[in-house]
Amino acid sequence: MTKEQLRNYRKIKNEQAQIEHRLRNLENRPESEEEILRPLRELYRSKLETLVEAQLAIENAIKKLNPVERTLIRLRYFDGLPWFKVAAGIHYSESEAYRIHGDALRKLRKIERL
């Protein structure tokens, strides 16, 4: 697991919400448009499935971290907080937060290789 994959988590969640919204809008369309809209629905559902799989891969990887590392990763990448707020959120200094972050990334890379 890389920093880039973790950074993509918020993008994945946002895109997932947008596609779910589009699917709901399609469900409210008249039945007469069903044949025309079916390919679009299938495309959205396929994309949604891909996004959910990517989200689950990230969630499953960070589950293997210890609670402090997991919280740090969530605060930094999922919530997008700056380092001083991440450090405050885990009750460590910023320099300790950086160290914990490095340890967590090393563990995530090792987990991915297994």
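Here is a walk through this structure, helix by helix and contact by contact. What you are looking at is a predicted model, where local features need pLDDT of at least 70, side-chain atom pairs count only at pLDDT 80 or more, and totals for chains, interfaces and linings use all residues. Residues are numbered from 1 along each chain as its sequence is written, and side-chain values use heavy atoms, leaving out hydrogens and water.

Let's start in the middle. The largest nonpolar core has 29 residues. Such a core is a set of buried Ala, Val, Leu, Ile, Met, Phe, Trp, Tyr and Cys residues joined through side-chain atoms within 4.5 Å; buried means under 20% relative accessible area, exposed is over 50%, and partly exposed is in between, using a 1.4 Å probe and protein chains only. The residues with the most contacts inside this core are L6, I58, I62, L72, I73 and L108. At least two core residues come from each of α1 (3-27), α2 (34-62), α3 (67-78), α4 (83-90) and α5 (94-113), and α2 gives the largest share, seven residues. Those helix labels follow DSSP runs (H or I, at least four residues), numbered from the N terminus.

Setting aside residues up to four places away in sequence, L72 touches W83, V86, I90, A97, I100 and H101, where contact means heavy atoms within 4.5 Å.

Now for α5. Its 20 residues should span 28 Å at 1.5 Å a residue, and the end C-alpha atoms are 29 Å apart, which agrees; the expected span is 1.5 Å times one less than the number of residues. Buried along α5 are A97, I100, H101, G102, A104, L105 and L108. An α-helix has 3.6 residues a turn, so residues three or four places apart point the same way. The cover over the buried residues of α5 includes α1, α2, α3 and α4.

How do α1 and α5 meet? Their axes come within 10 Å and cross at roughly 100°, which makes α1 roughly perpendicular to α5. Axes here are lines fitted to C-alpha atoms, for helices over the stretch in contact, with angles from 0 to 180 degrees between N-to-C directions, and roughly perpendicular covers 65 to 115 degrees. On the α1 side the contact is made by K3, Q5 and L6, and on the α5 side by H101, L105, L108 and E112.

Next, the rings. The whole structure holds two aromatic pairs, that is, rings of Phe, Tyr and Trp (its six-membered ring) with centres within 6.5 Å. Y9 and F78 form a stacked one, at 3.7 Å centre to centre with 10° between the planes; stacked means planes under 30 degrees apart. Y9 sits in helix α1 and F78 in helix α3, so this pair ties together parts 69 residues apart in sequence. Y9 counts as buried at 7% relative accessibility, and F78 does too at 10%.

Leaving aside neighbours within four places in sequence, Q55 is in contact with Y9, I12, K13 and Q16. Q55 is buried, with a relative accessible area of 13%.

Finally, look at H91, in the loop between α4 and α5. H91 is exposed, at 73% relative accessible area, and its phi is near 65°, a positive value in a residue other than glycine. Most residues other than glycine have a negative phi.

How values were computed:
Rings of Phe, Tyr and Trp (its six-membered ring) pair if their centres lie within 6.5 Å; planes under 30 degrees apart count as stacked, over 60 as edge-to-face and the rest as tilted. Angles under 35 degrees count as roughly parallel, over 145 as roughly antiparallel, 65 to 115 as roughly perpendicular and the rest as oblique.
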